[in-house]
Amino acid sequence: MPRLSEIARHTGAAAIGLAIGGAFWGLYWVPLRWLAGLGMGGAWPGAVIFAGAGLILSPLIWRYRAQIRANWWALVSCGMLTGAAFSLFSTAILMTDVIRAILLFYLTPVWSTGLGLLFLGERLTVARGSALALGLMGLLIMLGLVAGWPVPRSLGDGLALASGVVWAVGSLRLYQGGHIAVPLQVIGFVGGGLVVTLATIALGGAAMNPLAGAGALTTAIGPVLILSALIVVPVLFLTVWPATVLPPARVGLILMTEIVAGVVTAALFAGEPFGWREAIGSVVIVSAGLVEVLGHRISVRAVRP
């Protein structure tokens with residue numbers, strides 16, 4: 001049986017990995033908007049990115065084919081949730097204001113905390129409650145509620161809200177399925193995301209001229225494959241692996257590093273504003289993650305024999 005110190009180190013590494021992964025997800029808007037600028041509308045940019053990641057993962061799919069067959073139902077049920085969450089969020093970014101999409105998605109820690117209380121027997125500790133309050137406070141400070149309270153007002157808003165709820169459930173399933181190898185879960189994630197994105201396109205999310213789309217795909221295929229190999233697939237591992245060892249509420253809180261990275265990079269590369277409000281909100285959000293991680297370390301030490 002592993003010692004508590006070993007568990008603490010393992011979960012600490014997972015938290016650091018997730019924070020790094022979340023920061024990279026904050027750059028996700030860049031390739032999405034680039035693909036949209038090439039003429040890919042609706043859900044097509046997300047579909048192209050998921051397809052590129054699937055091609056990069058194809059050697060692992062072949063290598064783990066026996067394990068995939070043995071765990072197919074767990075992978076399908078989990079992958080359809082985790083992949084769907086990021087598929088819906090990818091589409092929402094292109095269908096509503098980025099600010100509203102982020103606000104609606106990052107209500108995730110609220111849903112995750114509730115799921116942990118209901119299904120994992122967790123307690124709402126002072127550290128967890130403080131981290132949750134800080135995370136939501138930082139989010140509201142950063143966004144300034146200029147877009148109003150987080151109530152869906154369009155299809156894009158609805159997709160953003162749904163993506164946060166689905167990710168909360170998906171991260172719970174990842175945590176419960178921690179015995180399944182991480183590469184298999186990543187494959188399920190990508191497969192689920194591609195299926196849901198294609199379904200979105202079939203249901204009307206295909207705002208793209210076929211001729212323009214063919215030209216855009218020809219232009220994009222090389223860069224997308226390079227992006228998938230160097231960034232998307234590694235970041236997927238940095239997202240999925242921590243979610244198999246950390247409870248959903250912690251995952252939701254630590255993943256909020258995406259907000260900080262997204263706001264900063266949008267200011268640097270897209271000319272979006274970054275002033276005192278964004279700076280203070282970023283500090284408060286980072287503080288939420290630190291409170292969650294340090295609070296967990298303190299609780300582990302408190303029960304150490």
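Ile-20 counts as partly exposed because its relative accessibility is 40%, where partly exposed lies between buried (under 20% relative accessible area) and exposed (over 50%), with a 1.4 Å probe and protein chains only. The model is predicted, so that local features need pLDDT of at least 70 and side-chain atom pairs count only at pLDDT 80 or more, while totals for chains, interfaces and linings use all residues. Residues are numbered from 1 along each chain as its sequence is written, and side-chain values use heavy atoms, with hydrogens and water left out.

Ile-20 is placed in helix H1, helices being DSSP runs of H or I with at least four residues, numbered from the N terminus. Together with Ile-16, Phe-24, Leu-27, Val-30, Ile-226, Leu-230 and Ile-231, Ile-20 makes a nonpolar surface patch of about 710 Å². Two or more residues of this patch are given by each of helix H1 (4-25) and helix H11 (210-245).

Helix H10 (residues 182-202) has 21 residues and reaches 30 Å from its first C-alpha to its last, close to the 30 Å expected at 1.5 Å a residue, the expected span being 1.5 Å times one less than the number of residues. H10 is mostly covered, as 15 of its 21 residues are buried, and it is followed by Gly-204, whose phi is positive, near 125°.

In the largest nonpolar core, which has 60 residues, Tyr-106, Trp-167 and Ile-259 touch the most other members; such a core is a set of buried Ala, Val, Leu, Ile, Met, Phe, Trp, Tyr and Cys residues joined through side-chain atoms within 4.5 Å. H11 gives the most to this core, with nine residues.

Note on methods: Patch = residues over 30% accessible without salt bridge, like charges linked within 9 Å, V, L, I, M, F, W, Y side chains within 5 Å. Areas by Shrake-Rupley, 256 points an atom, 1.4 Å probe, with all protein chains shown as cover. Salt bridge = Lys/Arg side-chain N within 4 Å of Asp/Glu carboxyl O.
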